[in-house]
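Dear colleague,

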Amino acid sequence: FARLYDVIKKEDYLSSFKAGLSLMDDYRRFPNDDEFQDMFQVRNVYNFKSRKFLFRKLENFERKERVNTEEYTLEHIMPQNASVPQVWRDELGENWREVHETYLHKVGNLTWTGYNPELSDKSFKEKQNMEGGFKNSPILLNDSLRTLEIWNEVEIKKRSKLLADK
């Protein structure tokens, strides 16, 4: 931003600011919308230091009635347990190990819940249908989880795209 000041013309502030951002090179460059969305979907957001801020913004996006997410924790829909339970291996399919390693900490596999210990390593259907599960959750981030039949690579990618579009 220090160098950006040099290209801003006071008489045409907004246009010169936009031009300055788009003309930056290398690591200083701002990504365009498509680049941002692509990277947002594949980034390890669970280990992102501002993950709670990110998910709070996603949950409250375009809402007048804000949800106080301080009461919730981030839940891995597909559990992060290193010894993946058999029910999850079956659900994820033949390449379950690759799916688990690739998508575990991605935005599409994470959501808010007040029932993290109860959800634990349960199957997706159990997490969906139990008391406090995804089906009857007041959390908007869980809307796309309410009617799914299965949680696998295809659904994680779809949800990642949905959240990136937000």
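A search of the whole structure finds eight salt bridges, each a side-chain nitrogen of Lys or Arg within 4 Å of a carboxyl oxygen of Asp or Glu. The model is predicted, so local features need pLDDT of at least 70 and side-chain atom pairs count only at pLDDT 80 or more, while totals for chains, interfaces and linings use all residues. Residues are numbered from 1 along each chain as its sequence is written, and side-chain values use heavy atoms, with hydrogens and water left out.

One of the salt bridges joins Arg56 and Glu70, with the closest N and O atoms 3.5 Å apart. Arg56 lies in helix α3 (residues 51–59) and Glu70 in the loop between α3 and β1 (73–76), so the pair ties together parts that are 14 residues apart in sequence. Helices (H or I, at least four residues) and strands (E, at least two) are DSSP runs, numbered from the N terminus. Arg56 is partly exposed at 29% relative accessibility, whereas Glu70 is exposed at 61%; buried means under 20% relative accessible area, exposed over 50%, and partly exposed in between (1.4 Å probe, protein chains only).

Arg146 and Asp143 form another salt bridge, at 2.4 Å from N to O. Here Arg146 is buried, at 17%, and Asp143 is partly exposed, at 38%.

Turning to the helix contact, Gln37, Phe40 and Gln41 of α2 meet Lys157, Ser160, Lys161, Leu163, Ala164 and Asp165 of α8, where contact means heavy atoms within 4.5 Å.

Yours sincerely
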